[in-house]
Amino acid sequence: MKPACIFDLDGVIVDTAKYHYLAWKRLANSLGFDFTEHDNEQLKGVSRIESLKLILHLGGKELDAAEFDAALVRKNGWYLEYIQQIGPEEILPGAAEFLSSVREQGMKVALGSASKNAVLILERIQLLDQFDAIVDGNKVSKAKPDPEVFLKAAEELAVPVSDCIVFEDAVAGVQAARNAGMKVVGIGSAVVLDQAHFVLPNFAGLSVADVLARFA
Ligand code: G6P
Ligand code: MG
């Protein structure tokens, strides 16, 4: 069977990771503490609820249930405000070209993202029709590094896990792919994503043959 590709969204296909960071930083600041880009690495790929728990832990702050829910709503409101204007120009270098060459090879493509805003973003960047399956934060109950999101994607594609190649920019996402028993290509820093099989800065100039050769 031909391998399938499963792509994370934020920070892999589209440059939204910076907007998540800005919205979380704004929330942390409003609660009276700071939140650095270094701390943000722990949040990448992590669901909205788990992210807030981590931030509160980092800031040494406790919220009651109502305040916690209100903070989630505020963060998402700011995030939606930041991404209101996004379009295809925010697709990361080479990602759209790589996606279409994967499809031209007859390989299946899925999205495996923790985001509940995934479909909205894919519509805005005009890539929604490039996916055979979309598994997002509305379909899973366990946050990365739990493998649920990727296992569901493999199931929806009807491809065995050993034939799935995941593309991830987050430490938690690389771990989730590993926990699913899949191959994983890190997108970003090789130092941060040292658990990936190999790491690339982005998709620019990348061919499907290059990736398959690395796993041959
Ligand atoms: C992605 C991002 C995370 C984000 C999560 C939930 O995995 O990497 O930074 O917290 O999705 O996104 P959402 O859009 O549902 O808040
Ligand atoms: Mg990501």
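What follows is a short chat about a predicted model.

Biologist: Which residues touch the most other members of the largest nonpolar core?

Modeller: That core holds 52 residues. Another core, of 22 residues, lies apart from it, with Ile6 and Cys164 among its members. Back in the largest core, the residues touching the most other members are Phe7, Ile13 and Phe167.

Biologist: Take phenylalanine 167, then: what is it in contact with, leaving aside neighbours within four places in sequence?

Modeller: Contact here is heavy atoms within 4.5 Å. With those sequence neighbours set aside, the partners of phenylalanine 167 are Cys5, Ile6, Phe7, Asp8, Val12, Phe98, Val185, Ile187, Phe203 and Val211.

Biologist: Where is the cis peptide bond that involves proline 145?

Modeller: Proline 145 sits in the loop between strand 3 (133-135) and helix 7 (148-157). Omega is about 15° here, and the bond joins lysine 144 and proline 145.

Biologist: Is glutamine 126 buried or exposed?

Modeller: Glutamine 126 is in the loop between helix 6 (118-124) and strand 3, and its phi is positive, near 60°, though the residue is not glycine. Exposed means over 50% relative accessible area. Glutamine 126 has 59%, so it counts as exposed.

Biologist: And what is the phi of alanine 158?

Modeller: Look in the loop between helix 7 and strand 4 (164-168), where alanine 158 lies. Alanine 158 is exposed, at a relative accessible area of 54%. Most residues other than glycine have a negative phi. Alanine 158, not a glycine, has a positive phi of about 60°.

Technical notes: Residues are numbered from 1 along each chain as its sequence is written. Chains are lettered from A and ligands numbered from 1 in the order in which they are written. This is a predicted model: local features need pLDDT of at least 70, side-chain atom pairs count only at pLDDT 80 or more; totals for chains, interfaces and linings use all residues. Side-chain values use heavy atoms; hydrogens and water are left out. A nonpolar core is a set of buried Ala, Val, Leu, Ile, Met, Phe, Trp, Tyr and Cys residues joined through side-chain atoms within 4.5 Å. Buried means under 20% relative accessible area, exposed over 50%, partly exposed in between (1.4 Å probe, protein chains only). Helices (H or I, at least four residues) and strands (E, at least two) are DSSP runs, numbered from the N terminus.
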